[in-house]
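Please read them with the structure open.

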Amino acid sequence: MAATVTSTATTTGKTWGGGNEPMGASYGKMMMWFFIVSDALTFSGFLAAYGFSRFKFIETWPIADEVFNHFPFMHGTDAPMYYVALMTFILIFSSVTMVLAVDAGHHLKKTKVAIYMLLTIVGGFIFLGSQAWEWKNFIKGEFGAVETKGGAILQFVRAGENGKYERVALAEFAAHLPTTRVDKVRSNGIWFEENAALPTYSVEEIQEGLKAHPEVLVRTEKIVKKHKEVLTREQSLARIADAVYVVEGANLVRNEYGHKLFANFFFFITGFHGFHVFSGVMINILIFFNVLLGTYEKRRSYEMVEKVGLYWHFVDLVWVFVFTFFYLV
Amino acid sequence: MAHSHESNTKRIWVVFGLLSLITIVEVAFGIVKPAFLHDSHLFQMNLLNWIFIILTIVKAYYIMWAFMHLEGEKSSLRWSIVAPLVFLIIYLVFILLIEGNYVFDVFHTSHYKWIF
């Protein structure tokens, strides 16, 4: 290696011989940074895997704007991106309050540190609540779909204004067929059979409903010129014969938005990130109490606030990338 | 700690403003998706996506340099953090996306629809 030396020594023995800080940072701070590097590589692995799966199915992957279009107290409005943009702002703002706490710590201003840390904790909780709300909407679903024998998802649309197609919910056109399935109880049942929860409609009800509503068309997953392909009426009636499941919302097996991996990756990556936010909030709470107790005043150093701040900023950084690759790109 | 912090709050708010501005721009592009960006390609990805990725890296730079205070650290520490991340992530993403593209082509053009 070339003979590059640090400013503190002329021989390597002095710099790396122990008893000082070769990289200019304390042990705790350096280790927090190295932990952050390892965790960043973990998340990069997850996001790279998401990219890999998405590229494999690039032609049929769900369009994010169509899936994430809810906003609180605005039920029924198509609001793509707004809510997740709000979540990004909340996390960025909590990062700002965190760095202001660190700054106050450098000036040994205990009350200021406490106030800013409290704001950061509140911001973290708001973010977690928002993410939970996103999950709830994602799991509940909006319009419903059917899954074919081959595992493809078929959604339903009708022609709307100015040439665009608007989504049609299953409830709007499903027929009601009398069912012969009966739930028996212990008094009149003979044998117990376990079965998965039934969807609200059966495949036959959807098929009959489609036949009875001539304006409803099938929309496939395939992306043609940046939009999902809509079949003609004849093609729709032919395709619906392949349906084997009614899919409402999302679980770990299938989802109404499209490819099975879409929901899997959404839950996995945002779940991992949410878990990191949660652990960050918990650690922040611990340090907040230590600030109040005067632990760092006694130590004459608020470096712990700085270290915990590094973790919090890392969590924000991961969100910035998750936001880009799940919602924007 | 050998740095003085007279008026760091000003820089913090400036960076916050910058990050908010970049986010607003990203979200606006994400909602509007102007056709001239969405339909043009560079290295097999449309320009809109390139803008998103570049803006995200700019945000990451500001968060790491200003908020995580890497700008005040020694360059050896900075490099020990940035260099592994950059080369490992770029390498992994490069090989995985090429592989994903290849698998898509096989699914799209051959009789294989699943494992091959």
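1. His276(A) is partly exposed, because 19 other C-beta atoms lie within 10 Å; on the scale used here a residue is buried if 20 or more other C-beta atoms, placed from the backbone, lie within 10 Å of its own, exposed if 12 or fewer, and partly exposed in between. The residue is found in helix H9 (residues 260-293) of chain A, where helices (H or I, at least four residues) and strands (E, at least two) are DSSP runs numbered from the N terminus. Leaving aside neighbours within four places in sequence, His276(A) is in contact with Val315(A) and Val318(A), contact meaning that the C-beta atoms of two residues, placed from the backbone, lie within 7 Å. From C-alpha to C-alpha, His276(A) and Asp39(A) are 10.0 Å apart in space, although 237 residues separate them in sequence.

2. A word on conventions: this is a predicted model, in which local features need pLDDT of at least 70 and side-chain atom pairs count only at pLDDT 80 or more, while totals for chains, interfaces and linings use all residues. Residues are numbered from 1 along each chain as its sequence is written, and chains are lettered from A and ligands numbered from 1 in the order in which they are written.

3. Helix H5 (residues 110-140) of chain A has 31 residues and reaches 45 Å from its first C-alpha to its last, close to the 45 Å expected at 1.5 Å a residue, the expected span being 1.5 Å times one less than the number of residues. Its buried residues, among them Tyr116(A), Gly123(A), Gly124(A) and Phe138(A), pack against H4, H9 and H11 of chain A. Just after H5(A), Gly141(A) takes a positive phi of about 85 degrees.

4. Turning to the contact between the chains, 40 residues come from chain A and 41 residues from chain B. On the side of chain A that touches chain B, helix H2 (27-56), helix H4 (82-106) and helix H11 (303-328) each supply at least two residues, and H2(A) gives the most, with twelve. By class, that side has 26 nonpolar, ten polar and four charged residues, where Ala, Val, Leu, Ile, Met, Phe, Trp, Tyr, Cys and Pro count as nonpolar, Asp, Glu, Lys and Arg as charged, and the others, Gly among them, as polar.

5. How do the axes of H4(A) and helix H1 (residues 8-32) of chain B cross? They come within 10 Å and cross at roughly 170 degrees, the axes being lines fitted to C-alpha atoms over the stretch in contact, with angles from 0 to 180 degrees between N-to-C directions. H4(A) is therefore roughly antiparallel to H1(B), a term for angles over 145 degrees. The residues that meet include Phe89(A), Ile92(A) and Asp103(A) in H4(A) and Ile12(B), Phe16(B) and Thr23(B) in H1(B); the residues of this contact divide into ten nonpolar, five polar and one charged.

6. Helix H3 (residues 47-67) of chain B has 21 residues, which should span 30 Å at 1.5 Å a residue, and its end C-alpha atoms, 29 Å apart, agree with this. Its buried residues include Phe52(B), Lys59(B) and Phe67(B), and what covers the buried residues of H3(B) includes H4 and H11 of chain A together with H1, helix H2 (35-38) and strand E2 (45-46) of chain B. Just after H3(B), His69(B) takes a positive phi of about 65 degrees.

Key:
Parallel < 35°, antiparallel > 145°, perpendicular 65-115°, else oblique.
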